[in-house]
2 protein chains.
Amino acid sequence: MTRRIPESTVRRLSHYLRSLEGFATEGGTVSSEELAARGQTTAAQVRKDLSHFGSFGKRGLGYRVDELRDRLESILGMDRVWRLALVGAGRIGLALFEYPAFRARGYESVAIIDSDPAKIGTVWGDLTIRGSNELEEVLRELDVELIVLAVPAEAAQEVASRAVEAGVKGILNFAPIRLDVPPRVPVEDVNVVMELEALSFAITQAERDA
Amino acid sequence: MTRRIPESTVRRLSHYLRSLEGFATEGGTVSSEELAARGQTTAAQVRKDLSHFGSFGKRGLGYRVDELRDRLESILGMDRVWRLALVGAGRIGLALFEYPAFRARGYESVAIIDSDPAKIGTVWGDLTIRGSNELEEVLRELDVELIVLAVPAEAAQEVASRAVEAGVKGILNFAPIRLDVPPRVPVEDVNVVMELEALSFAITQAERDA
DNA sequence: CTAGATTTGTGAAGCTTTTCACAAGCGGGT
DNA sequence: ACCCGCTTGTGAAAAGCTTCACAAATCTAG
């Protein structure tokens, strides 16, 4: 039933879900028009995005808020808990680990791993930092499906490869390199410097045109 | 000379620049093929991307590494210093503030602003946290061009609007909402939860197909 | 100076995503 | 029961991005 779905559609689905949370109404409905307004897109786009997954609106009325939310959660795979491990216990790792939205959305941190002997054995929240020599063992033992990779660029590829070998299914990568992993393992990159560069490009470009 | 440049091209330019740093050679050259290999793209794509900005390769030879680097830096607006302010001194803000790659790439933090009275006046590195009531004043005084917005979602829109009013030219937004600002002000969103959702979608989708 | 081996720059083709536009379906009012 | 206003779902058109393929340019060797 589902052909290949554009990356951009997936991003928008997340947005729609976020927007729906603003409509806490029982039994209320929402139109593609309203959803578009809150998501900086168009009504046609909203309908096309949703139509990839079946048709769950009512003509003349719109979408039932609670039903649409359930459906989106199921589509995005958020109707279950994902066990994740944080690899790299630096500043970024710490900030992410303490970010409450993770757990709230079904992403449960079950392990923290670092290579620094000074950090191994210390406790963060309810987790004790494990050494990276134990990486595979920890990932397998705890059935980790996702890792948040927040290690220096030099170490990232090796950690990624070992994690995939240990059965990890997806990687959220903060290291500023392109990881080489089998195509079955999705990788999402978060690269703040690149985002800043996109900003300075846009501004410079606008100034040049002026 | 420059028509509209695809967002995806800009991202790749950043990658090329990052790759070039690996080729620290004086006077060396690099072909589109080599650059493509390091960037998970194709040689044709590399050439097309660069051709948007003129032609600075030599046929039969490739691109001069140092020249290409200079050119990319200039295109991306990295041949100068960008003054940025951090608004929101929470975990994420702290992690970013201490991230050395920022300064190394020409992004200089010149102010930190927060609304928490307990934080105002405390010192981070060489900066004293200012109160958000002083936002406009601080941004103007220090000629801030970019802000890193790391405040709770509820506060983000108001801060963004005030910052734009105070002359900010671009926003790196960590708050999980779409900001409504004038089109001349570029906004880049960093939304970790959305990236995780893209991962769980991809995995769920693959499992469904199987 | 010529031949051969490379590699760029770029129209054109191919593919993907977005936008358009409208028939079909639903609900409320009379 | 029927009409009217509204909103979805969706082919088809338009726009946008990537890949192809090849002429033109450059270098090396003889």
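1. The model is predicted, and local features need pLDDT of at least 70, side-chain atom pairs count only at pLDDT 80 or more, while totals for chains, interfaces and linings use all residues. Residues are numbered from 1 along each chain as its sequence is written, with chains lettered from A and ligands numbered from 1 in the order in which they are written.

2. Chain B has an open sheet of seven strands in the order β5-β6-β4-β3-β7-β8-β9, with mixed pairing. Its edge strands, β5 (123–124) and β9 (187–189), each pair on one side only. Helices (H or I, at least four residues) and strands (E, at least two) are DSSP runs, numbered from the N terminus; two strands pair if DSSP finds at least two bridges between them.

3. Within this sheet, β7 (residues 146–149) and β8 (residues 170–173) of chain B are parallel, paired over four bridges. I147(B) stands opposite I171(B) in β8(B).

4. Helix α9 (residues 192–209) of chain A packs on the sheet, touching β3, β4, β7, β8 and β9 of chain B. Contact means C-beta atoms, placed from the backbone, within 7 Å. Helix α8 (residues 153–165) of chain B lies across β3, β7 and β8 of chain B.

5. DNA strand C is surrounded by 28 residues, near meaning a C-beta atom, placed from the backbone, within 6 Å. The closest are R59(A), G60(A), S55(B), G57(B) and G60(B). Helix α3(B) gives the most to this surface, with six residues.

Terms used:
Contact = placed C-beta atoms within 7 Å. Axes fitted to C-alpha atoms, helices over the stretch in contact; angles between N-to-C directions.
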